[in-house]
Amino acid sequence: MARVKMIEVTEASGKVREVFEDIKKHFGMVPNLFKTYALKPEILEANWNKVKAVMVQGELNRELKEMVAVVVSRANGCNYCVRAHSAALKMLGIPKETIIQIVENIDDANIPAELKKVLTFAVKATREPNNISEAELNEIKALGYSDAQIVELLSVVDLYTSFNKFLDTLQVEIDFPRI
């Protein structure tokens with residue numbers, strides 16, 4: 001049970017209603033994450049703008065970003081985001097079996113070795129960022145990732161680490177189906 005009240009779509013007005021409408025255009029719904037942020041309209045708007053900048057825009061493809069969101073959320077133990085971004089991957093056409101493999105064990109997932117390296121890098125950046133070596137960063141660069149793309153990748157790590165802590169602390173109810 002959530003520890004704070006959410007602003008429901010039917011209760012939204014002003015800036016909150018405006019942001020909710022934009023969220024619905026992208027997702028077809030307003031997730032409980034944003035309904036909770038709506039208690040502070042400026043923070044709701046800032047977080048929604050960050051989601052658009054990190055997840056919708058940029059050079060990296062959406063599938064990779066959603067996979068990073070899943071593995072980061074799994075590393076942080078956030079069931080809400082694991083479920084939300086597993087559902088997003090399924091909607092993007094990633095097979096259920098592949099999603100489950102990525103969630104359970106990246107090394108055993110039936111995905112390209114290069115993608116495994118990137119996802120493993122994202123998990124390490126989540127769990128122990130001070131222990132990422134120059135060699136590990138250079139491995140990501142050797143895969144063809146530019147400095148700007150590495151910043152984009154780590155922005156996904158940053159975004160979901162933040163969301164994970166927020167959602168879990170407030171015990172926000174999961175509003176996404178199991179895949």
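First, the rule for a ring pair. Rings of Phe, Tyr and Trp pair if their centres lie within 6.5 Å, and for Trp the six-membered ring is used. Planes under 30 degrees apart count as stacked, over 60 as edge-to-face, and the rest as tilted. Keep in mind that this is a predicted model.

Take Tyr37 with Phe163. Their centres sit 5.9 Å apart, with 55 degrees between the planes. Tyr37 is in helix H2, residues 32–37, while Phe163 is in helix H9, residues 147–170. The pair therefore ties together parts that are 126 residues apart in sequence. Buried or exposed, these two, Tyr37 and Phe163? Both are buried.

Now Tyr37 again, this time with Phe166. This pair is stacked: 3.9 Å centre to centre, 10 degrees between planes. Phe166 also belongs to helix H9 and Tyr37 to helix H2, so here the linked parts are 129 residues apart in sequence. For Tyr37, the relative accessible area is 7%. Buried means under 20%, so Tyr37 qualifies.

Step back to the cluster. Ring pairs join Phe27, Phe34, Tyr37, Trp48, Tyr160, Phe163 and Phe166.

Last, the annotation. An unreviewed UniProt entry marks residues 41–105 as a "Carboxymuconolactone decarboxylase-like" domain. In the model, that span is 82% helix and 0% strand. Its end C-alpha atoms are 38 Å apart.

Terms used:
Residues are numbered from 1 along each chain as its sequence is written. This is a predicted model: local features need pLDDT of at least 70, side-chain atom pairs count only at pLDDT 80 or more; totals for chains, interfaces and linings use all residues. Side-chain values use heavy atoms; hydrogens and water are left out. UniProt positions are given in the numbering used here, feature names are shortened, and annotations may be inferred rather than shown by experiment. Helices (H or I, at least four residues) and strands (E, at least two) are DSSP runs, numbered from the N terminus. Buried means under 20% relative accessible area, exposed over 50%, partly exposed in between (1.4 Å probe, protein chains only).
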